[in-house]
Amino acid sequence: MSRIFHIVVIADDITGAADTGVQFCPAVGPVHMSSAVDGGFTTTGVQTAGLAVYTNTRHVDGAAAARSVFTAGETIRCLDHRVVYKKMDSCLRGNVGAEIDALLQAIGAAASFIAPALPQQGRTTVNGVHRINGVPVATTEIGRDPLCPVGESRLPVLLSDQSHMPVGHVDLACIQKGAAAMVERIRTLLKKGCRHITFDAEKTAHLDAIAGLARDHFENTLLAGSAGLAGSLAGILSRERSLQPIVDRPSIERWLFVCGSASRVLGDQVAALARSTGWACLSLAPAQLTSGDGSTPSAAELMDAWRAGSLILCIEPILDAGPTVSSEQVVRGLARVAAALITAKAPQGLFLSGGDTAEAVRYQAGASALLIHEEILPGLVRGEFVDGPFDGLPVVTKAGAFGEVDTLNQLIHSLK
């Protein structure tokens, strides 16, 4: 008998797959999370009821992203699955329209409901404008993201620019009128030919209403959003299924933090962690990480710092490195350094921030996948490596721009 996947999440990067896949752990138990290389993946050996796959397509062009997602979608369609959820970035980065187009076609869904809001992290959509802490996303640091800048804050416009399918919108006034008004509005949009329907959402209750609407009235609909809408859908699934117990947390004293995100939020968190713990915090220059032999001029300093105790690794701004150094080279170099350190002396826990960084470290460490267990703090996901020399090593992933200044301090205290 084939395994039944009660939830399948597809995301464009590893941290997105983690922070969204983990929302479903209370409903389905641990979630198996693995990479889809060029869209292809296998479920051989997977023993969980939850599956999260990531396509590593945030920083490729739209056509390439669509091909990868379509390939993954075809595999998903052949699985014995109950619900598919498309993770999108809560800051609208990536090939949002192209990827949802491709997945919609691959799995044969009638339409998509799109709500990227994440109110608990200050991401809201009102009158179609997506904001971070009240500021339109395109005018925040996300609009100046060195790898994936977002130039449009109006969610329906952004989708229309990236998608080949008609887009409709449901505003907050309609949502506040209740389910009957929403059903009428959506049916009107569908009759007009809309295949993607975007939603305002200012509170978690609005996301709850959208998820409930899809489950109760529009079953053949693909839900697409951030961890916020995923959490609302997971709440429904938890009521439909018995809750699963969370496994015991590990006790971690010796950490290796690998921070590849350029987010200012993460930078402030790292500075606060270094101040409170006294841990060594080494910031590596891109040129150091892209030397031809994979070594760095400060290799001895790095190893000495690591043998002395917990260590925080960061990178200096990539934009300052010059045109000959690519972000991909820098991330691979950082991952090689991290792999060398954990090979020399394994940590009790590994923290990875930045989707590209987390994926590169996973690869360099020889793990085939991650098994995720719980969300310790908003956006911080605890799991463990699967296979390879570090099988079972506790890993915490985090998207760069999530959390408060003391989030990393809260993390290490929660796992003592």
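Biologist: How much space lies in the second largest pocket?

Modeller: Rolling a probe the size of a water molecule over the atoms shows where empty space is left. In this predicted model, the second largest pocket holds about 630 Å³ of space.

Biologist: Which residues lie nearest the centre of the second largest pocket?

Modeller: Its lining comprises 25 residues, and N56, E328, R332, D356 and E359 are the ones nearest the centre. By class, that lining divides into 7 nonpolar, 8 polar and 10 charged residues.

Biologist: Which element gives the most to the lining of the second largest pocket?

Modeller: That is α14, with 6 residues. At least two lining residues each come from α3 (62-78), α13 and α14.

Biologist: What is the volume of the largest pocket?

Modeller: The largest pocket has a volume of about 990 Å³. Its lining is made up of 46 residues; P146, G260, S261, A262 and S263 lie nearest the centre. Two or more lining residues are given by each of these elements: α1 (14-21), α10 (264-277), β16 (311-315), α13 (327-344) and α14 (355-364).

Biologist: Where does the largest share of the lining of the largest pocket come from?

Modeller: From α10, which supplies 4 residues.

Biologist: How do the residues of the lining of the largest pocket divide into nonpolar, polar and charged?

Modeller: There are 18 nonpolar, 14 polar and 14 charged residues in that lining.

Biologist: Now the backbone. What phi does D38 have?

Modeller: Most residues other than glycine have a negative phi. D38 is not a glycine, yet its phi is positive, about 55 degrees. D38 sits in the loop between β3 (31-35) and β4 (50-54).

Biologist: Is D38 buried or exposed?

Modeller: The cut-off for exposed is over 50% relative accessible area. D38 has a relative accessibility of 64%, so D38 counts as exposed.

Biologist: Where is D387 placed?

Modeller: D387 belongs to the loop between β19 (380-386) and β20 (394-398). D387 has a positive phi of about 75 degrees and is not a glycine.

Biologist: Why does D387 count as partly exposed?

Modeller: Partly exposed covers the range between the buried limit, under 20%, and the exposed limit, over 50%. D387 is placed there because its relative accessible area is 42%.

Methods. Residues numbered from 1 in each chain as written. Predicted model: local features only at pLDDT ≥ 70, side-chain atom pairs only at ≥ 80, totals over all residues. Heavy atoms only, no water. 1 Å grid on protein atoms, 1.4 Å probe; cavity = no way out; pocket = protein on both sides within 12 Å on 5 of 7 lines; lining within 4 Å. Points joined across faces, edges and corners; volume = space filled by probe spheres on them. Nonpolar A, V, L, I, M, F, W, Y, C, P; charged D, E, K, R; others polar. Buried < 20%, exposed > 50% of the residue type's maximum accessible area, 1.4 Å probe, protein only.
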